[in-house]
Amino acid sequence: MISNEQAINSARLQTNIKLDCLHHVPHSNWAYLYDKDTFHLRVRTKKLNVDRVFALIGDKYDWETYHHEYEMRKVSSDRFFDYWQTAIRPEHRRFSYGFRFHSGEETVWMTENDILTKEPEAPAGFYDRPYIHEIDLFQAPEWAKSAVFYQIMPDRFANGDPGNDPENTSPWGDTPTEESFFGGDLQGIIDHLDYLEDLGITAIYLTPIFEAPTNHKYDTMDYKQVDPHFGDLELLKKLVEKSHSKGIRIVFDAVFNHMSANSPQFRHVIEHGEQSEYVNWFHINEFPVKVREGNPNYDTFGFFEQMPKLNTANPDTREYLLDIAEYWLKEVGIDGWRLDVASEIDHVFWREFRGRVKAINPDAFIIGEVWNDSLRWLQGDQFDSVMNYPLSDRLLEYLKSDDMDAETFASHISSLLMRYPQQANEVLFNLMASHDTPRVLTQLKGDKRKLKLAIAYLLTFTGTPCIYYGDEIGLEGDGDPDCRNV
């Protein structure tokens, strides 16, 4: 974006082109390597203010011999701006560039240094893209582009083995509570793989399956132990093998932001205080560790005292969690990880996580739970994808009310598409609902026609669609725990 000084100088230029709306950022989602040979450039103008845009490309070492003009295509528009894009294949894997804008008889040039009404002497002051290294390319697994995911909460999907049910298991079909168990397990999923295959599912996202005291299992006690109410290691291997035989991949849920207050590590801190070998695994604010009137003196997920937050900057904690990530890739051959509360964990951890995971399986799909703009995590060094709640928010808002017309909805979607590089858009984890939101049909007030529209949009929009279990048959339910029904 132009600086304040440039904007003041630009105001003196006699032109109808809205100079303060011209926007481009090098080395970002506005200028990125799409594949090993192709580079994408984007630029923004005021809506309906500019007729044509050209990208001026050349080699800074020999502009005269190696320079080209690329007419840019208007790829998107929102309420305020038009967005233009072009793809180039630089001859020497480096280039300098600027932009030229046309509106009627008027022409304006934009470089890194200035905005001008006279053609600048290239490449002085132009944007510069140094030598392009393929190793820096953001690449997500190719299979994710065509995958159709299905999210399963094991306790709530199907009870295949009543013999491993928890005590006081609720009858199937009862109204769920925060504490209730229904007895769903891994065998129940195995028994329904044919159903999922017929439905067109090619990947399953399992919410946590590791040993934990709750029905949702987001408070892990032992990351290397399958929760006994779900089954055991051999049954888990059977699920993965049978799924793979049907062309269905399996992605596990990694809860590395926090763990259970009943975990051996946290219990050791409670018992031994500052002398505990695990004292730096958590964020303890004072000793002894305790909860006063519902307020813990240690950091937690949200305000849940039973979920103390892990200190992923601590080398021992970090290595413990990274070993878990590697273990399940090797032990049962899972196809990726969905990362819980990913935005609250440091970027250093996620960079190492990606390196360790991809070293074992370059095709492993890494999905972060980030609810807002996620560009920081989608640079090719951390996640392959994020859960695209902004898409579902906009789509359901459009379908639920008469306050938003189609043009406004299209404008919102256009803005979302400009947030990330194209290869990130192609694998964004698109969903209409999850265990953290009310059911789609409930949000749409029981209107099954709108439900079909929502799912049709989900399955045809760019990205990787995910169906929350039961939405395909129209299950209804309000927020947690009602949306975690059977």
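Reply: On a 1 Å grid over the protein atoms alone, a pocket is an open set of points where a 1.4 Å probe fits, with protein on both sides within 12 Å along at least five of seven lines; lining residues have an atom within 4 Å of a point. Grid points are joined across faces, edges and corners, and a volume is the space filled by probe spheres set on the points. The model is predicted: local features need pLDDT of at least 70 and side-chain atom pairs pLDDT 80 or more, whereas totals for chains, interfaces and linings use all residues. Residues are numbered from 1 along each chain as its sequence is written, and side-chain values use heavy atoms, with hydrogens and water left out.

Me: What is the volume of the largest pocket, and which residues are closest to its centre?

Reply: The largest pocket has a volume of about 730 Å³. Its lining has 30 residues, of which H216, F304, M307, D480 and R484 are the closest to the centre. For classes, Ala, Val, Leu, Ile, Met, Phe, Trp, Tyr, Cys and Pro count as nonpolar, Asp, Glu, Lys and Arg as charged, and the others, Gly among them, as polar. The lining here comprises 10 nonpolar, 10 polar and 10 charged residues.

Me: How many residues line the second largest pocket?

Reply: The second largest pocket, about 440 Å³, is lined by 23 residues, and D136, L137, F138, Q379 and G380 are the closest to its centre. This lining divides into 11 nonpolar, eight polar and four charged residues. Its largest share, three residues, comes from β1.

Me: In what order do the strands of the open sheet stand?

Reply: Strands of a sheet pair through backbone hydrogen bonds, either parallel or antiparallel. Strands are DSSP runs (E, at least two residues), as helices are (H or I, at least four), numbered from the N terminus; two strands pair if DSSP finds at least two bridges between them. Here eight strands form an open sheet with parallel pairing, in the order β20-β19-β18-β15-β12-β11-β22-β21. At the edges, β20 (385-386) and β21 (429-431) each have a single partner strand, so one side of each is left without a neighbour in the sheet.

Me: Which strands pair with β11?

Reply: Strand β11 pairs in the parallel sense with β12 (residues 203-206) over four bridges, and I152 has L206 of β12 as its bridge partner. Three bridges join β11 to the parallel strand β22 (residues 464-468), where C466 stands opposite F149. Buried means under 20% relative accessible area, exposed over 50%, and partly exposed in between (1.4 Å probe, protein chains only). F149 and Q151 point one way from β11, Y150 and I152 the other way, and all are buried.

Me: How is a pair of aromatic rings described?

Reply: A pair of aromatic rings is described by the distance of the centres and the angle of the planes. Rings of Phe, Tyr and Trp (its six-membered ring) pair if their centres lie within 6.5 Å; planes under 30 degrees apart count as stacked, over 60 as edge-to-face and the rest as tilted. The count comes to 41 aromatic pairs. Among them, W143 and F365 are edge-to-face, 5.5 Å centre to centre with 70° between the planes. W143 lies in the loop between β10 (127-129) and β11 (149-152) and F365 in strand β19, so the pair ties together parts 222 residues apart in sequence. Both W143 and F365 are buried.
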